[in-house]
Amino acid sequence: MQGIPYLTIQIPGFQDKIYGRNPGGLKDSSEDKMRLVVVGCSLFLLLLSPAAVLGQKGKQQQVSIQKTSMSRDQEIQLGKEAAAQVEREMEIIQNGEVEAWLNQIGQQLAKTPQANAYPYYFKLVNEDSINAFALPGGPMYVHTGLIKAADNEGEVAGVLAHEMSHVALRHGAAQMSKQQTWGTLFGALGAAVGVLSSSNGQCGIVCQGAALGVGIGGQSVLMKFSRGFERDADLNGARMMASAGYNPIGLASFFDKLAAQAGSAGEPKGLQLWLSSHPASGSRVQYVSEDIKFYPKKDYSNTTNRFPRVKTVVASLPPPKPKPAALLQAKQGAQPRTNLPSGYKDYQANGFAIAFPSAWQAGMPQEGGGSLYLVPQQGGILKAQNGGTELIAGAMIDYYVPQAGAASVNLEASTNEFVQGLQKGDPTVKSEKPSNLTFGGKPAHLTKLTMKTSDQQDQTAYLYTTVREAGLFYVVLAAPTSKLTEYEAIFRQMTPTVTFPN
């Protein structure tokens, strides 16, 4: 890069590591045993370049790529599968002007050595809270709330550089490797994530991870990092900004500015979640400022000059459409319905209401959320050793978002796509031809399914599907075939209690 010198060091066996396999100028703790120092965009051997740090007090902090049992290809595949799940659950902004601006900034950062040559891409999601996250392998998502909270383009670039550094330093992959989350999905109906299977019909990494409660939200194992990881992402991100021509102090000052707003009357939406998932180990401005002392002197003037226009466009966007995860949550302050069958209790969610036997329990067994289960206290679900959940008897409720997105949901086509996904996840699933009926006052399909449970019991399930704004709403009512008569009497009382708010 013009204005920043490079030293080329001819040492057999090390040259390819420094400028080939690890072009990001980062020390890979799993391979490189040399003591290296990142100075701006350049990588110097400490013992051969004393002038780079001459006159500076102390020593620049080393930032290392994490060890992980995942290969780089597995990491990229994990990111692809996680991105597919994100885009089924979050509203992606389709605006060419904003997309072009975001990707211009992102790709400038992605070309720096500190980005470690991952295939990054950038999308804006319609979510008014302050947040941004990068998935392993490179997909990155920025909330509209972050754009609204930023005062200039450099602050946005700083957040991008910080989140990209989690990818470059392999933090998400390291987190996954520690969790031992690899295993077999127990039962296609167990978590209904079998529909996220890969093209060969096998349950992919995220499919398995979702079944195990890993999730992909702001508090998930992929994106909740230690203070040490956060500090490394700050330092690597600041170096990345400097390499791309942005003032590196913008990263730290924006984070500290947000922290200063916590507890104030004007606290931005989602700030507490942001702060909890981005813990600082002291003042970011202080330790980034110390790091900047080691950078080559240069003028930081990079800008697209389009931030004011983008901020105006983002401010004019309509509110985000409802997402399945929020619609499954219990509605706060809901008044209990009085016209329920005797011995039944109510579950009123943000997107629907349903009654179920008082002796049953309601909950989401997966730590990261997921499907809602209404099941008997004993024998309703099985918790496998790997954390997966299998429905044995009772109800499972969720939304299915078709491959083409929520806007494309169609009762017949989407039901068929959903059932085919279940059959790919479990070849024992057999389906009958759907019948038409009214469910919760809406046109619906009823599809009878038969399958084998993980312990090879025969099971029968009734799949109710209807079109809602967030996707295909479905209720699975299942029971061992040997007890079907007993459960069918309960199902006949449950289904008429289903209602929707509009």
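Predicted model: local features only at pLDDT ≥ 70, side-chain atom pairs only at ≥ 80, totals over all residues.
## Overall make-up

The protein chain holds 16 helices and 19 strands. Of its 502 residues, 54% are buried. Residues 24 or more positions apart account for 64% of them.

Two packed helices are described by the angle between their axes and the distance between the axes.

Helix H3 spans residues 96-110, and its axis comes within 10 Å of the axis of H5. The two axes cross at roughly 55°. H3 is therefore oblique to H5, and the crossing is right-handed.

From H3, the residues in contact are Trp 101, Leu 102, Ile 105, Gly 106, Leu 109 and Ala 110. From H5, they are Glu 153, Val 156, Ala 157, Leu 160, Ala 161 and Met 164. By class, this contact has ten nonpolar residues, one polar and one charged.

## Helix H5 against H10

Helix H10 covers residues 249-261. The axes of H5 and H10 come within 8 Å and cross at roughly 95°. An angle from 65 to 115 degrees counts as roughly perpendicular, so H5 and H10 are roughly perpendicular to each other.

H5 contributes Glu 155, Gly 158, Val 159, Ala 161 and His 162 to this contact. H10 contributes Gly 250, Leu 251, Phe 254, Phe 255 and Lys 257. The classes here are five nonpolar, three polar and two charged.

## Helix H5 against H9

Helix H9 runs over residues 227-244. It packs against H5 at an angle of about 120°, with the axes 7 Å apart. H5 and H9 are therefore oblique to each other. Their crossing is right-handed.

On the H5 side, the contact takes in Gly 154, Ala 157, Gly 158, Ala 161, His 162, Met 164, Ser 165, His 166 and Ala 168. On the H9 side, it takes in Phe 229, Glu 230, Ala 233, Asp 234, Asn 236, Gly 237, Met 240 and Met 241. These residues divide into eight nonpolar, seven polar and two charged.

## Ser 165

Ser 165 sits in helix H5, which spans residues 153-168. Its relative accessible area is 0%, so Ser 165 is buried. Beyond residues up to four places away in sequence, Ser 165 touches Ala 233, Asn 236, Gly 237 and Met 240.

The side chains of Ser 165 and Asn 236 are joined by a polar contact of 3.0 Å. Gln 114 is another point of reference. Ser 165 and Gln 114 are 51 residues apart in sequence, yet their C-alpha atoms are 7.6 Å apart in space.

## Gln 348

Gln 348 belongs to strand E8, residues 344-348. Its relative accessibility is 19%. Buried means under 20%, so Gln 348 counts as buried.

The side chain of Gln 348 makes a polar contact of 3.2 Å with the side chain of Asp 346. Setting aside neighbours within four places in sequence, Gln 348 is in contact with Gln 329, Ala 330, Lys 331, Ala 334, Gln 335, Pro 336, Arg 337 and Ala 353.

Most residues other than glycine have a negative phi, and most peptide bonds are trans.

Ala 117 is not a glycine, but its phi is positive, about 60°. Ala 117 lies in the loop between H3 and strand E5 (121-125). With 46% relative accessibility, Ala 117 counts as partly exposed.

Asn 305 also has a positive phi, near 65°. Asn 305 is placed in the loop between helix H12 (284-292) and helix H13 (307-315). Its relative accessible area is 64%, so Asn 305 is exposed.

Terms used. Residues numbered from 1 in each chain as written. Heavy atoms only, no water. Helix = DSSP H or I, 4+ residues; strand = E, 2+ residues; numbered from the N terminus. Buried < 20%, exposed > 50% of the residue type's maximum accessible area, 1.4 Å probe, protein only. Polar contact = N/O pair within 3.5 Å; in protein donor to acceptor, adjacent residues only side chain to side chain. Contact = heavy atoms within 4.5 Å. Axes fitted to C-alpha atoms, helices over the stretch in contact; angles between N-to-C directions. Parallel < 35°, antiparallel > 145°, perpendicular 65-115°, else oblique. Left-handed = near helix turned anticlockwise from the far one by under 90°. Nonpolar A, V, L, I, M, F, W, Y, C, P; charged D, E, K, R; others polar.
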